[in-house]
Amino acid sequence: MIEFRQGGRRRLDRVLDPGFLAAIGDRSLDELRAMRDDAAQEETDLSYLRRLLHARIDIVRFEEQRRAHPDGSAESSLVEALPRILADNAIGPAAGRGRHQTVQPSRAESHRRHVEALLADTGLSDVATLSDAELTESAEAYAAEEGSVSDHRIRVQQVMDACNDEIGRRYRDGSASIDELLRREREGA
């Protein structure tokens, strides 16, 4: 389960620390942008982990549906259904507070290992061999983990919003200059 650790060294711990946004109005514009960028990277990483979990949840749901229709009205094997399951997950309707992401996940391998550890814990390497109780247990474990990741992601998005609001306020009230931003962009600063 993903947990926030007060005083922890991970980016998640830094971004969600109550002191992260302390005296936000006194921070320099560069500091605010760095804070926002840290939160954006963490949001991207949590979104990636969530997508991995959703794929596993969809696989478990497929197996539950297949078992619920022993008459063969459901697809007969996970192997046959996997392309559809993964495609539905990739192109299905968006849920939640999705945002345009401008960065790639920074800890993709770590997130894969995290999900694979859940997979090993629940014995989900071959869903067809699980008992109904084990399948239910797997579904519950993935759902709990997804809920935890989603909760943390929402909190990180709130930090991003606070940073963006402060940056926007400074441009609106004139204490930050668009001309200065454009000059720095041209200089590559």
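**Charged side chains**

Guide: Glu 63 counts as buried, at 1% relative accessibility. Keep in mind that this is a predicted model.

Visitor: What does Glu 63 form a salt bridge with?

Guide: Its partner is Arg 67, with the closest N and O atoms 2.8 Å apart.

Visitor: Is Arg 67 buried or partly exposed?

Guide: Arg 67 is partly exposed, because its relative accessibility is 23% and buried means under 20%.

Visitor: Which residues are in the network with them?

Guide: Salt bridges link Glu 63, Arg 66, Arg 67 and Asp 132 in a network.

Visitor: How many salt bridges does the count come to?

Guide: The count is 17. One of them joins Glu 146 and Arg 50, whose closest N and O atoms are 3.0 Å apart. Glu 146 is in helix 5 and Arg 50 in helix 2, so this pair ties together parts 96 residues apart in sequence. Both residues are buried.

Visitor: New topic. Where is Asp 13?

Guide: Asp 13 sits in helix 1, which covers residues 11-16. With 2% relative accessibility, Asp 13 is buried. Its side chain meets that of Arg 10 in a salt bridge of 2.7 Å, N to O. Arg 10 is partly exposed, at 31%.

Visitor: And what is Asp 13 in contact with, leaving aside neighbours within four places in sequence?

Guide: Glu 3, Phe 4, Arg 5 and Gly 8.

Visitor: What lies over the face of Phe 4?

Guide: Arg 155 does, at 5.6 Å from the ring centre.

Visitor: How many aromatic pairs are there in the whole structure?

Guide: The search finds 0.

Key
Residues numbered from 1 in each chain as written. Predicted model: local features only at pLDDT ≥ 70, side-chain atom pairs only at ≥ 80, totals over all residues. Heavy atoms only, no water. Helix = DSSP H or I, 4+ residues; strand = E, 2+ residues; numbered from the N terminus. Buried < 20%, exposed > 50% of the residue type's maximum accessible area, 1.4 Å probe, protein only. Contact = heavy atoms within 4.5 Å. Phe/Tyr/Trp six-rings, centres within 6.5 Å; stacked < 30°, edge-to-face > 60°. Lys NZ or Arg CZ within 6 Å of the ring centre and 35° of its normal. Salt bridge = Lys/Arg side-chain N within 4 Å of Asp/Glu carboxyl O.
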